[in-house]
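Student: I am new to this structure and would like to go through it with you step by step. Could we look at it together and take one question at a time?

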There are 2 protein chains.
Amino acid sequence: MPPAPPAIDSHTVRTFGRGDAAGRILKAALQAVDPYRAVQSALHLSGSQLHIGSWYCDLQSIRRVLALAVGKAAAPMLEAVCALPTLPLQRGVLITKEGHTPPQPCHPAVEIYTGGHPVPDERSLRAADAVRDLLADCRPDDLLLCLISGGGSALLTSPAEGIRLADLQELTGLLLRCGATIHEINTLRKHLETLKGGNLARLAAPAQVAALILSDVVGDPLEVIASGPTVPDPTTFGDALDILERYALRPHTPPAILQRLEEGRAALLPETPKPGDPLFANVHNQVVAGNLHAARAALQQAQAEGFHPLLITTHLQGEARHAGALIAAIARQIASSGEPVPRPACVLLGGETTVTVQGDGLGGRNQEVALGAVEGLAGLPNTLLICLATDGGDGPTDAAGAAVSGETLARARQAGMRPADFLRRNDAYHFFDALGDLLRTAPTRTNVNDLALLLMP
Amino acid sequence: MPPAPPAIDSHTVRTFGRGDAAGRILKAALQAVDPYRAVQSALHLSGSQLHIGSWYCDLQSIRRVLALAVGKAAAPMLEAVCALPTLPLQRGVLITKEGHTPPQPCHPAVEIYTGGHPVPDERSLRAADAVRDLLADCRPDDLLLCLISGGGSALLTSPAEGIRLADLQELTGLLLRCGATIHEINTLRKHLETLKGGNLARLAAPAQVAALILSDVVGDPLEVIASGPTVPDPTTFGDALDILERYALRPHTPPAILQRLEEGRAALLPETPKPGDPLFANVHNQVVAGNLHAARAALQQAQAEGFHPLLITTHLQGEARHAGALIAAIARQIASSGEPVPRPACVLLGGETTVTVQGDGLGGRNQEVALGAVEGLAGLPNTLLICLATDGGDGPTDAAGAAVSGETLARARQAGMRPADFLRRNDAYHFFDALGDLLRTAPTRTNVNDLALLLMP
């Protein structure tokens with residue numbers, strides 16, 4: 001069993017009337033998306049039947065159980081599978097980032113690989129070879145359990161014919177620098193490699209495939225997370241070319257890549273498997289942990305603590321400071337009219353904001369959301385906002401986020417600090433550090449993006 | 001009776017399944033905050049008793065009824081008072097902006113003045129003289145009805161001793177240009193003039209005072225709207241000086257103003273009347289129309305139309321495009337999990353966003369909120385967002401706002417337009433104009449800031 005996530009602590013949380021409840025609510029959220037627990041909760045063995053959501057399979061009719069765990073959370077996810085006593089694992093492949101490997105293999109038949117991240121490297125190719133070896137000679141009476149988490153796209157790389165690793169590395173660098181979304185980056189990857197965009201499921205056919213997915217992409221789009229190796233791909237070669245044009249990357253793109261995409265668009269190459277492809281009749285994909293799971297667990301705990309729970313969104317995106325201002329706007333409405341939810345209110349927003357860095361300060365998305373809320377929350381009695389990166393690391397700092405209350409502005413002014421100055425420098429870290437309001441948790445082993453918890457008892 | 005506000009029309013509203021309902025919902029919102037109707041709804045005559053909210057007064061015990069209407073909506077507000085047949089108006093003063101005067105006086109005893117706006121001028125001083133004359137010799141058996149709306153701060157100006165009109169004009173210009181909030185601008189005004197920050201109520205004492213207020217400031221802060229002439233003032237001379245320092249305006253501030261503020265801070269001058277001052281025992285302040293009234297009327301109509309209504313906030317502020325992205329994030333959550341409110345859902349956000357202009361395009365706050373939502377709403381079936389300036393004028397355009405649906409992005413692409421390009425140029429007007437999705441209403445005579453209506457049948 002994994003350790004419980006550490007407590008959320010700070011001056012404001014400590015001195016807040018219901019700070020203990022806030023801590024328990026966030027703890028519930030993080031525990032719900034712990035990769036080990038998430039997989040454990042999703043797998044149900046009943047006699048010889050293995051149930052995963054609405055899917056099930058009779059293990060007595062299965063010749064071999066294979067496991068493929070890929071991504072930053074691969075180790076704890078596979079550990080949960082290995083902990084199932086009656087699941088007869090025949091062979092497993094674990095591919096993760098350096099530093100994320102397990103202290104010891106959870107099963108003698110598990111091979112461990114590390115790959116490059118966020119830019120793939122030679123090791124990523126070797127991991128792909130191991131996957132191809134694992135999936136060779138699959139039969140209908142084989143069961144492949146896939147355990148997929150963020151980072152999988154880079155960790156497991158297998159260039160299509162005619163494409164070199166160096167081409168992919170170059171393109172990945174271009175895409176990461178130009179501001180392309182993860183949807184766009186992975187659309188390219190799916191059309192330049194052989195295991196992404198449903199192609200891994202094609203390789204495993206005719207085996208039964210059950211994929212348990214930990215989502216690190218806002219909205220849990222199955223076809224995007226780790227480039228959707230077991231998921232029908234709605235994108236096309238044409239889409240991939242459009243993206244290169246959108247960011248004016250065509251002149252910088254390696255010729256072999258352009259050639260492949262053009263040939264694909266001309267239907268000279270096979271597309272990735274599309275929605276409706278009969279191949280997916282044997283494939284079950286299930287998100288076992290994502291922002292919504294964390295939010296639901298938080299709100300359930302909040303209700304148990306006597307709060308009226310309300311989820312505003314798990315799709316929060318856009319500039320961090322503006323998200324903070326908006327959360328304050330909701331708080332003011334609760335204070336003045338009991339809308340959108342009456343006190344005692346617990347409002348939750350999840351997602352992943354961005355910070356357009358213009359200053360030379362220190363901070364992270366969540367700290368900047370919190371700083372953006374300071375002015376708007378000022379003076380509201382009995383109001384606490386906690387902004388937290390669920391992986392425990394917010395930006396290039398040692399903090400996971402920050403806490404704000406209606407008194408934060410007054411405390412800051414007393415300390416001679418003005419939020420606007422710190423926003424201008426993107427220096428939320430030093431603002432909250434001076435107030436004792438940074439939240440420091442150890443790494444949580446999971447990542448379902450960010451949570452903003454507003455408590456108004 | 002004022003005419004009903006015009007219908008909301010556009011390609012997307014017309015072709016949307018429940019576009020008719022959207023029109024009725026917004027019509028209900030605008031009607032609820034029509035200044036004439038708002039005052040009419042707030043005043044209740046029962047025999048000889050005049051009721052305004054929880055306040056009432058027996059007109060039989062009243063010697064004189066005086067009326068002072070100041071602000072951009074002064075004419076229709078005073079018209080509603082004059083329409084009360086049994087209210088014996090003795091004398092009235094109406095102060096409004098040029099172009100906002102009534103076609104004919106609603107009562108023979110009403111004097112009409114115009115003043116400068118947003119920078120006060122000589123006419124503003126003459127209006128102040130008329131107010132002082134109106135309030136001379138008030139007795140406890142006099143009743144003063146104040147009808148206050150936005151713009152009142154500049155339209156009615158009476159410099160304190162030692163301050164010249166030119167000083168106030170210069171400072172107003174500085175404050176408007178430096179990005180100071182209306183809270184800050186009015187804190188200065190209240191400490192440099194003789195009728196603001198509760199001082200008008202002091203002048204009217206010992207008369208009974210009932211102030212009916214149409215709010216054009218987010219959150220309806222009574223002490224800010226029209227600089228709160230009848231409202232206890234929580235701000236101080238010290239606050240006023242702090243604001244000059246915050247925006248580095250001290251070196252540019254006229255010396256007479258600095259001298260007064262410094263003397264005030266040193267307690268050599270009387271402060272504005274503060275909360276708790278017994279003077280306010282005879283004063284009743286009531287917001288008769290504001291963003292919340294419009295929102296409530298909209299949601300009530302939405303419920304009658306079969307929608308589940310939810311008010312997220314009436315305090316929406318911050319950069320317009322980010323507000324749009326956030327509204328889209330809420331829409332996606334409704335589509336995926338029925339939170340924060342299940343379908344058929346009507347979600348409302350009110351407030352006043354800002355646009356940081358960086359391009360040379362055409363647009364307004366509401367059009368830019370709508371444009372900021374286009375990408376996030378893309379593909380959502382049966383989803384309509386309408387962003388509307390309640391005064392009917394959004395930015396320097398002939399439109400009041402714009403409409404977006406889940407199909408807008410596809411329609412834009414077909415027309416060769418990308419939202420990001422138009423956002424970069426702050427050119428929302430031409431984006432929506434090309435799609436036939438600008439909303440054009442006539443001036444509505446009112447202003448309770450902006451509304452964003454999200455309908456998901």
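Student: How many residue pairs are in polar contact between domain 1 of chain A and domain 2 of chain A?

Tutor: This is a predicted model, in which local features need pLDDT of at least 70 and side-chain atom pairs count only at pLDDT 80 or more, while totals for chains, interfaces and linings use all residues. Residues are numbered from 1 along each chain as its sequence is written, chains are lettered from A and ligands numbered from 1 in the order in which they are written, and side-chain values use heavy atoms, with hydrogens and water left out. A polar contact is a pair of N or O atoms within 3.5 Å, where within protein one must be able to donate a hydrogen and the other to accept it, and where residues adjacent in sequence count only if both atoms are side-chain atoms. Between domain 1 of chain A and domain 2 of chain A, with both residues at pLDDT 80 or more, the count is one residue pair.

Student: How much area do domain 1 of chain A and domain 2 of chain A bury between them?

Tutor: Contact means heavy atoms within 4.5 Å, and 14 residues of domain 1 of chain A are in contact with 17 residues of domain 2 of chain A. Buried area is the accessible area (1.4 Å probe) that two parts lose on being put together, summed over both. For domain 1 of chain A and domain 2 of chain A, with 52% of it on carbon and sulfur atoms, the area is about 1100 Å².

Student: Which side chains of chain B and chain A meet in a salt bridge of 2.9 Å, N to O?

Tutor: A salt bridge is a side-chain nitrogen of Lys or Arg within 4 Å of a carboxyl oxygen of Asp or Glu. Between chain B and chain A, which bury about 2100 Å² between them, the count is two salt bridges. At 2.9 Å, N to O, one of them joins the side chains of B:Glu339 and A:Arg296.

Student: Which element gives the largest share of the side of chain B that touches chain A?

Tutor: There are eight residue pairs in polar contact between chain B and chain A, both residues being at pLDDT 80 or more. Helix H12 (291-304), strand S10 (308-316) and helix H13 (320-337) of chain B each supply at least two residues of the side that touches chain A. The largest share of that side, eight residues, comes from H13(B).

Student: Is A:Leu68 buried or exposed?

Tutor: A:Leu68 is found in strand S4 (residues 64-70) of chain A. Not counting residues up to four places away in sequence, A:Leu68 touches several residues, among them A:Val93, A:Ile95, A:Val131 and A:Leu200. Buried means under 20% relative accessible area, exposed over 50% and partly exposed in between (1.4 Å probe, protein chains only). A:Leu68 has 1% relative accessibility, so A:Leu68 counts as buried.

Student: Which helices of chain B do the buried residues of H8(B) pack against?

Tutor: Helix H8 (residues 182-190) of chain B is mostly covered, as seven of its nine residues are buried, including B:Glu184, B:Ile185 and B:Asn186. In helix H6 of chain B, B:Ser153 is in contact with B:Asn186 and B:Arg189, among others, leaving aside neighbours within four places in sequence. The buried residues of H8(B) pack against helix H6 (152-155), helix H7 (165-178), helix H10 (237-246) and helix H11 (255-265) of chain B.

Student: What is the omega of the peptide bond that joins A:Arg343 and A:Pro344?

Tutor: Most peptide bonds are trans. A:Pro344 is found in the loop between helix H13 (320-337) and strand S11 (345-351) of chain A. The bond that joins A:Arg343 and A:Pro344 is cis, and its omega is about -10°.

Definitions and conventions. Helices (H or I, at least four residues) and strands (E, at least two) are DSSP runs, numbered from the N terminus.
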